[in-house]
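User: I would like to go through the labels used for this model and see what stands behind each of them. Please set the values against the cut-offs.

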Amino acid sequence: MKNPFPLSSDNKRYHTYHYYLTQRFGGKVSRVSLNAGMSCPNLDGTKGVGGCVYCSPTGSGEFGGDPREEIPAQFAQISARMGQKWDTQKHIAYLQARTNTYAPVERLREVYEQALGCPGVVGLAVATRPDCLSEPVCDLLAEFSERTYLTVELGLQTANDQTGAALNRCYGLSDFLAGYACLRARGVSVGVHIIDGLPGESHEIMLETARLLAGLELHLVKIHLLHVIAGTPLAESFATQKFPLLTREAYVQIVCDQLELFPPEFVIGRLTGDGAPDTLIGPDWSRKKLCVLNEIDKELARRDSWQGKRWKQARPV
């Protein structure tokens with residue numbers, strides 16, 4: 001069967017990050033996860049303590065470098081390991097752990113310059129909270145956006161503020177929209193992370209989050225599966241309440257429905273997450289990432305569907 005989705009060079013019926021980077025840079029580009037050792041206003045008491053209930057003790061930096069080392073040293077070690085798997089000399093420096101705009105502008109500039117100066121780096125990805133984007137910080141990001149391929153990745157997780165409060169997220173949808181607007185007013189490319197399977201969220205609530213994103217000017221979207229990770233408040237709740245986790249079949253249906261709502265130009269950074277094997281409590285089926293991705297491919301083919309098939313229905317009136 002011929003693939004009806006135009007932004008693809010294989011069987012994928014969605015706009016993969018690999019396809020985008022290959023088209024833009026003429027070959028494979030790897031993402032090197034780095035840890036700048038920054039904190040978070042949801043950890044230090046500025047907004048809250050304990051962090052979001054799902055966030056691991058490393059601040060989602062399990063696959064990043066050692067924050068005790070300088071950025072160039074981290075980059076050298078991680079890129080060397082990745083080079084054993086993938087033959088590429090081009091890289092995106094990905095500041096992944098915790099909140100990478102939560103520091104004085106002078107410190108942020110130093111970190112970004114170090115990352116951008118690493119060998120073979122063709123772009124910069126900065127993960128952060130949407131409530132940590134002051135005007136001076138957005139000005140700095142705009143400056144780097146003019147110099148390199150920059151994506152600022154905002155953790156939204158859900159557009160539902162009731163769920164957000166239960167997650168101890170300590171910001172609301174209005175904060176997300178304000179941070180997004182601050183970046184877009186300066187022409188900075190924005191990525192957004194969402195999580196499917198959050199406690200209490202129905203299929204329709206998850207689609208409402210997708211519909212909200214479909215009405216924005218985004219460069220990239222990452223869809224994560226909720227992982228219950230040892231050492232998190234979520235793991236403590238799961239041990240006592242045993243709230244239901246998504247089945248693989250339900251997750252595949254939700255992801256395909258969300259993809260249909262996204263405009264074709266949205267780059268899909270990921271369709272499931274990686275839980276560290278030794279700390280992952282569940283869902284156990286998520287350990288087989290390739291199987292999940294294959295099931296998504298098969299479901300889209302079964303539906304004769306693709307990213308953006310229902311996009312116009314998702315646009316706001």
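Analyst: Helix axes here are lines fitted to C-alpha atoms over the stretch in contact, and the angle between two of them runs from 0 to 180 degrees between N-to-C directions. The model is a predicted one. In it, the axes of helix H7 (residues 203-214) and helix H9 (residues 248-261) come within 9 Å and cross at roughly 25 degrees.

User: Why are H7 and H9 called roughly parallel?

Analyst: Angles under 35 degrees count as roughly parallel. The crossing angle of H7 and H9 is roughly 25 degrees, so the two helices are roughly parallel to each other. Their crossing is right-handed.

User: Which residues of H7 and H9 meet?

Analyst: From H7 these are His203, Met206, Leu207, Ala210, Arg211 and Ala214, and from H9 they are Gln253, Ile254, Asp257, Gln258 and Leu261.

User: What makes H3 and H4 roughly parallel?

Analyst: Helix H3 (residues 105-116) and helix H4 (residues 135-147) pack at an angle of about 20 degrees, with their axes 10 Å apart. The cut-off is 35 degrees, and H3 and H4 are therefore roughly parallel to each other. H3 passes H4 in a right-handed crossing. The contact involves Val105, Leu108, Arg109, Tyr112, Glu113 and Leu116 on the H3 side, and Pro136, Val137, Leu140, Leu141, Glu143, Phe144 and Arg147 on the H4 side.

User: How do you know that strand E2 is largely enclosed by the rest of the structure?

Analyst: A residue is buried when its relative accessible area is under 20%. Five of the five residues of E2 (residues 91-95) are buried, so the strand is largely enclosed. His91, Ala93 and Leu95 point one way and Ile92 and Tyr94 the other, all of them buried. In a regular strand the side chains alternate between the two faces of the sheet.

User: What covers the description of E1 as mostly covered?

Analyst: Five of the five residues of E1 are buried. Ser30, Val32 and Leu34 lie on one side and Arg31 and Ser33 on the other, and both faces are covered.

User: What makes E1 and E2 a pair?

Analyst: Two strands pair if there are at least two bridges between them. Strand E1 (residues 30-34) and E2 have five bridges, in the parallel sense. Ser33 has Tyr94 of E2 as its bridge partner, and Arg31 stands opposite Ile92 in E2.

User: How many bridges join E2 to E3?

Analyst: Five bridges join E2 to strand E3 (residues 121-128), and these strands run parallel. The bridge partner of Ile92 in E3 is Gly123. Between E2 and E3 the chain crosses through H3, and this β-α-β crossover is right-handed.

User: What is phi at Gln157 and at Asp304?

Analyst: Phi of Gln157 is near 75 degrees, a positive value in a residue other than glycine. Asp304, also other than glycine, has a positive phi near 55 degrees.

User: Which residues does the cis peptide bond join?

Analyst: The bond joins Gly282 and Pro283, with omega at about -5 degrees. Pro283 is in the loop between strand E9 (280-282) and helix H10 (289-303).

Methods
Residues are numbered from 1 along each chain as its sequence is written. This is a predicted model: local features need pLDDT of at least 70, side-chain atom pairs count only at pLDDT 80 or more; totals for chains, interfaces and linings use all residues. Side-chain values use heavy atoms; hydrogens and water are left out. Buried means under 20% relative accessible area, exposed over 50%, partly exposed in between (1.4 Å probe, protein chains only). Helices (H or I, at least four residues) and strands (E, at least two) are DSSP runs, numbered from the N terminus. A crossover is right-handed if, with the strands pointing away from the viewer, the path from the first strand over the helix to the second runs clockwise. Angles under 35 degrees count as roughly parallel, over 145 as roughly antiparallel, 65 to 115 as roughly perpendicular and the rest as oblique. A crossing is left-handed if the near helix is turned anticlockwise from the far one by less than a right angle, and right-handed if clockwise. Contact means heavy atoms within 4.5 Å.
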